Amino acid sequence: MLFMPLALFRCPLPPRFRFPVTGKSAPPKAWFAAGMLLALVLRALPVYAAEEFVVLSYHDVKDEVAKDIRAGQTAVSTANLIAQFDWLKNNGYHVVSVQDLLNAKAGRRALPQKAVLLTFDDGYANVYHKVFPLLKKYRYPATIALVGKWMDSTARDPDVPVETLLSWEQVREMSRSGLVEVASHSYDLHLGLLGNPQGNEQPAGVTRIYDPQSKLYEQDTAYQHRIREEMRRASESIFHHVGVKPRAIVWPYGESNRALIEAARDVGMGVTFVLRDGKNTTADLSLIQRMLVSENPDIADFSRMMTTLRVGDRPLHVVHVDMDYVYDPDPVQTEHNLDALIDRIQGMRVNTVYLQAFSDPDGDGNAEALYFPNRHLPMRADLFNRVAWQLLTRARVKVYAWMPVLAYRLNAPDNWFVHEWKDGKPQLASHIYKRLSPFNPDARRVVGEIYEDLATHCSFGGILFHDDAILSDYEDVTAAGLAAARRWKLPTDEAHLRGDAATRMKWAKRKTQALLEWTDFLTEKVRYWRPDIKTARNYYALPLLQPDSEEWYAQSYATGLKHYDYVAIEAMPLMEKAENPKAWMDELLKKAAAYPDGLRKTVFELQSVDWNTQQEIPMTDFIAQIQQVQRSGGIHIGYYPDNVFHDHPRQEDMERVYALPHFP
């Protein structure tokens, strides 16, 4: 048998109260639809404030650039670069330098409107032969980023031919011109190091090296020593050859973390650059976004990139993947399962995967083990980093680590866990999610360390917070929870705390905020090591359909929109036992659209299985739901579960209705 047998489908657990909602919205008038489309286009166009700027990331420049059928080409033709320089000049853009950024940050001189910084990575010789003459002609400043080891004749990388690189004499000449800032691109971090037991090589600067002999990972002290020595060598190499200490570093592959940023700052490189679309402000120069100029764009594509910054309402099409279905005790079988998953994701051309990072074989929603090395729970397999990396590099999707917020099966005292009022006294909560109390400092520390361990050992682009972040109107009445109620000037006995609607709602809103602060804490733990991550959080549908239900869940759709990059609503009418699923979905979409950012920031997560009957939803019905979301203005769509083994949802149909164009 090719694939391991599947367990029963698992279901996001229904809340204690659920109410079907009916009703439908009328289709928009043609003029209204046109107006909405125009509004979306105008909203996508950037408006530059005085201290805002964008950065363009170039690499090699050649007279002839052959079209590469594979995506990811970074060489730009000389003719296209000239056209791009002309376009910037003719459209009111002002090319600025690193010194201009520092002056603006210090308050010495404001940046001009529509400021653009040009960077050229890797130290290719054509920067001297092709780009430097253009910089002098246009009087455009630029920053070049050099890899020290590639240029060091005594330690040159044999994979980088000497004739393709700048010489130090050429670098000195460009530096003396006053037009070129010499930045570091590291001394020897522009390579991959072994990042997991399966043999993946990952960016050296952010990877904890795996030793196959000892089967151990690089410890924090060794990692810190390695990167600090790297920053010292990178700075000294440029100073030795050029006579100036670099003030900026361009992170190889665009990958960085706070430890790297701190190490660079300590040797004088306080300006650092990553690869990410969007605008920057001079308020913070420690992590500057750059737009990668790829696929040799002609002037139409370049103009589109500059006028939208590629950060408009890009749709997310999400597949929600259970790692428990990829994992097999036999590593060879696991790899077969992974190959099948990647082939499927590639075929469907989605751009996002919510990937389970915890193990939940009995399907109750609680984390019994984890799929990454950590300090507090068993590791079922060291697998998350492998699967996430393969999905990124082979299927070109952004992977979100799907993680519980509170539901961890820890061997811990009862007072760590949520309690509810029952039989007139506080008792361990009876909900199937055995949740840690968000008011317990020991629980907070442990879950924070779990998220730290995820971030240090794994490469991923976002966090999906599980739907376990709930507190009912009877919870949490641990001693720590009641102490919080006392600080909030609320009563701490059941009769008065639940005695009237106003007090119950005040308590609910405080608990809502406590859960938001808990996820903030976890996000910051991750962002120290993975600064670029996006956040999404699973919400039940009822807090959107009926906002007063916040009293029962401590979930608020409105605050979620303000707090996370995306709110992933469980748009699952059959799970909700709605009498009229289509009307229920119409009402959900209508409610989301009533919020200013509702459609822009909501992922509508559909169900591909009817858990009431344990039957797969027919493809005609499933596709109809996708199209219903799209017709009503929904931008982001996901679904759960995906069954690669039974081909459900059917890949052939999903390629037709769910596939997205590739983005650079």
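Colleague: What should I know about the model before we start?

Modeller: It is predicted, so local features need pLDDT of at least 70 and side-chain atom pairs count only at pLDDT 80 or more, while totals for chains, interfaces and linings use all residues. Residues are numbered from 1 along each chain as its sequence is written, and side-chain values use heavy atoms, with hydrogens and water left out.

Colleague: Which strands close into a barrel, and in what order?

Modeller: Eight of them, in the order β16-β17-β20-β23-β24-β25-β26-β29, with parallel pairing. Strands here are DSSP runs of E, at least two residues; helices are runs of H or I, at least four; both are numbered from the N terminus. Two strands pair if DSSP finds at least two bridges between them. The twist averages 25° from one strand to the next. Angles run from 0 to 180 degrees between N-to-C directions, and axes are lines fitted to C-alpha atoms, for helices over the stretch in contact.

Colleague: How many bridges join β25 and β26?

Modeller: Four. Ala568 has Val603 in β26 as its bridge partner.

Colleague: Which strands does α13 touch?

Modeller: Helix α13 (residues 441–457) packs on the sheet against β20 and β23. Contact means heavy atoms within 4.5 Å. The direction of α13 makes about 155° with that of β20.

Colleague: And which strands does α16 touch?

Modeller: β23 and β24. The direction of α16 makes about 145° with that of β24.

Colleague: New topic. At what angle do α11 and α12 pack?

Modeller: About 35°, with their axes 10 Å apart. Among the contact residues are Leu338 and Ile345 of α11, and Val387 and Leu391 of α12.

Colleague: Which residues touch the most others in the largest nonpolar core?

Modeller: Ile345, Leu355, Phe384, Tyr408, Leu454, Phe460 and Leu588, out of 141 residues. Helix α16 gives the most to this core, with nine residues. A nonpolar core is a set of buried Ala, Val, Leu, Ile, Met, Phe, Trp, Tyr and Cys residues joined through side-chain atoms within 4.5 Å. A second, separate core has 40 residues, including Tyr93 and Leu135.

Colleague: Last one. Where does Tyr595 lie?

Modeller: In the loop between α20 and α21. Tyr595 is partly exposed, with a relative accessible area of 24%. Buried means under 20%, exposed over 50%, partly exposed in between (1.4 Å probe, protein chains only).

Colleague: What does Tyr595 touch?

Modeller: Leu544, Pro547, Tyr557, Ala558 and Leu561, not counting residues up to four places away in sequence.
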